[in-house]
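Keep the sequence and the 3D view side by side. The text below moves from one region to another.

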Amino acid sequence: MALTTDFSSADIGVTAASRQDYSRHRIVPARHPGRLAGTIFAAVVIAAVLYSILTNPRWGWGVFAEWFFAEPVLVGLGRTLLLTALAAISGSVFGTALALARVSKSPLLAGLSWGYIWLLRSIPVIVLLLILNNLGYLYETIRIGIPFSDTVFFDYPTVQLLTPFAAAFLGLTLNQSAFFAEIVRGGILSVDQGQLEAASALGLPRHRQALRIVLPQAMRSILPTGFNELIGLAKSTSMVYVLALPELFYTVQVIYRRNLEVIPLLMVATVWYLIIMTGLSLAQHYIERYFSRGAVRNPTPLPFQAFFERFRRPLPAFNPAIDNLRKTGFHDAAALRAAGGAVRIHGIAKSFGSLKVLDNIELSLPAGSVTAILGPSGSGKSTLLRAINHLERVDTGFISVDGDLVGYSQKGDTLYELKEKDILKRRADIGMVFQNFNLFPHLTVLENLIEAPIQVRKTSYEDAVQLAQELLARIGLSDKINAYPRQLSGGQQQRVAIARALALRPKVLLFDEPTSALDPELVGEVLDVIKELARTGTTLVIVTHEIGFAREVADTVVFMDSGHILEAGTPARIFNEAQHPRTREFLARVL
């Protein structure tokens, strides 16, 4: 018996249904009785509260209106705002310095910062204010000079120097800085470690890493709790009444003690505090939106953003011929070529606790060569790559690029370990492209590319932008120059990461599994860029699992396992005539 289906009749039915006209139908919105009940309940509560407040004569709204803009109240309000602003600025700056000290590698500095934070968070604000106001009892004069000598630069009576306003300002600053320091430290710890490694790999100075890379990203975590502290600070100014300082709350107290209109005068202070908090909350909203740049794919424009864009520094004129650079490839661009460096690895070893990750590694890579490092996970490939860049300090052995030791300077028979700032300078010659891209998310593509050339190579802004435009043209991303990393696909992000490393014109370029974080469809576009780079003369060292790519591009293939280099040779020999049984076993599984 034959089974047949009349598809033509089905098509006719679908076509007829699709042609129905629904434009004349009446649409009935969905009913939400629970939502309606909640709305009615909220409206009743609001109306009841407003009716109670506005119709009860004991609130004294006439007295409230009389004193709301009175001169003594406005003078007290001005002092409150001044104290809040001064303590907020000084406390935030000092607190940020304390937070950076807390994460410092100096145990004594970190310990001093911790001790200060512990002490100031333990003392109630009102007690701290009273201690500072009576500091003249402990120290009659404040003297600055050279210790253990008679040389004095400054000598002044404490009572005259530490006025009630100065004591209030100092006390609020000290208290604010202790709490703000921990907020900033929490924000710093929230920044992904890969961001620090990327900044270090580019050779950015430590202060630039903190101010340009870490803190702007940490702000997204800092701002909500930081503004809570700021709002708390504005309310804490009321505690300076113990110093008889006529700020807003103390002024209101003086007035209602004279006219006995307690509630109306308290409402005067309450409404002014509400206005202050509303202003701070609005500022928080827009500042958070500013620091969310790059965090969302479609950010909402800030107020007046179009106006301020007019004053931004314009990009140098873009040469239309650059659009055709991708066809010529990296190898035909003299401006992008870099002399490759010879890499020599002298018997290095590295352990993490009892786990030995690298064991007596010896390797010599000629200048301009392309080396692919293969091996199973945990074999030490990525650690070896990070050691070449000195992101991992080895326990024994040395690494040199063009005869210069990485991380050390040589004088005769003595090796001196370099300071961090000198290591960062040398890293500029050893670029690194990370497995997870590690682009700076709060910077645009252009800003990612020009940051290191300007800061490390001291390239002019115009030249750095021109080079960035050329690099983006060659990787086919000229139209993404003002995009943020989150607005790019994985393959595009990896290509930008490659361009960022190339912008420094390094002698050696390291790739840590550049395609492992990509979808299979995006692998090809990244590998094509690396193939072009292989012709530039830059020494390339690539940790990869792409066997076909390693066979096609590499001059040398290195196989690692359990922290050892088991064998190294040409792709033809390793893939066709591997000598070590472990190499043959690995290749049999992946080929």
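This is a predicted model: local features need pLDDT of at least 70, side-chain atom pairs count only at pLDDT 80 or more; totals for chains, interfaces and linings use all residues.

Residues are numbered from 1 along each chain as its sequence is written, and side-chain values use heavy atoms, with hydrogens and water left out.

Start at helix α19, residues 461-474. Helices (H or I, at least four residues) and strands (E, at least two) are DSSP runs, numbered from the N terminus.

Next, look at how α19 is covered. Of its 14 residues, 11 are buried. Buried means under 20% relative accessible area, exposed means over 50%, and partly exposed lies in between (1.4 Å probe, protein chains only). The buried residues of α19 include Tyr 461, Ala 464, Val 465 and Leu 467. The run from Ala 468 through Gln 469, Glu 470, Leu 471, Leu 472 and Ala 473 to Arg 474 is buried as well. Just after the helix, Gly 476 takes a positive phi of about 75°.

Now step back to the loop between α18 (445-455) and α19, where Lys 458 is found. Lys 458 counts as exposed because its relative accessibility is 64%. Together with Lys 419, Lys 421 and Lys 425, Lys 458 forms a positive surface patch. Patches are made of residues with over 30% relative accessible area and no salt bridge; like charges are joined within 9 Å, and nonpolar side chains (Val, Leu, Ile, Met, Phe, Trp, Tyr) within 5 Å. Lys and Arg count as positive and Asp and Glu as negative, while His and the chain ends are not counted. Each charge is placed at NZ of Lys, CZ of Arg, CG of Asp or CD of Glu.

The other patch is nonpolar. Ile 144, Ile 146, Phe 153, Phe 154, Tyr 156 and Leu 161 make a surface of about 560 Å². Accessible areas come from the Shrake-Rupley method with a 1.4 Å probe, and for residues only the protein chains shown count as cover. Which strand gives the most to the nonpolar patch? Strand β2 (residues 152-157) does, with 3 residues. Phe 153 is found in β2. At 61% relative accessibility, Phe 153 counts as exposed.

Two backbone angles deserve a check. Most residues other than glycine have a negative phi. Leu 260 has a positive phi, near 65°. Leu 260 is found in the loop between α12 (248-259) and α13 (262-291). Glu 513 also has a positive phi, near 45°. Glu 513 lies in the loop between β11 (508-512) and α21 (520-533). Glu 513 is buried, with a relative accessible area of 13%.

Helix α12 also holds Val 252. Val 252 counts as buried, at 0% relative accessibility. Its C-alpha atom is separated by 20 Å from that of Leu 129, 123 residues apart along the chain.

Finish with the charged pairs. Side chains of opposite charge can pair when their charged atoms come close. How many salt bridges does a search of the whole structure find? It finds 22. A salt bridge is a side-chain nitrogen of Lys or Arg within 4 Å of a carboxyl oxygen of Asp or Glu.

One of them joins Arg 212 to Glu 451, with the closest N and O atoms 3.1 Å apart. Arg 212 lies in helix α11 (residues 206-236) and Glu 451 in helix α18, so the pair ties together parts that are 239 residues apart in sequence. Arg 212 counts as partly exposed, at 25% relative accessibility. Glu 451 is buried, with a relative accessible area of 5%.

Asp 359 and Lys 356 also meet in a salt bridge, at 3.8 Å from N to O. Asp 359 is partly exposed at 26%, and Lys 356 is partly exposed at 45%. Arg 535 and Glu 532 form another, at 3.2 Å from N to O. Elsewhere, Glu 197, Lys 350, Arg 386 and Glu 392 are linked in a network of salt bridges.

Technical notes
The expected span of a helix is 1.5 Å times one less than its number of residues.
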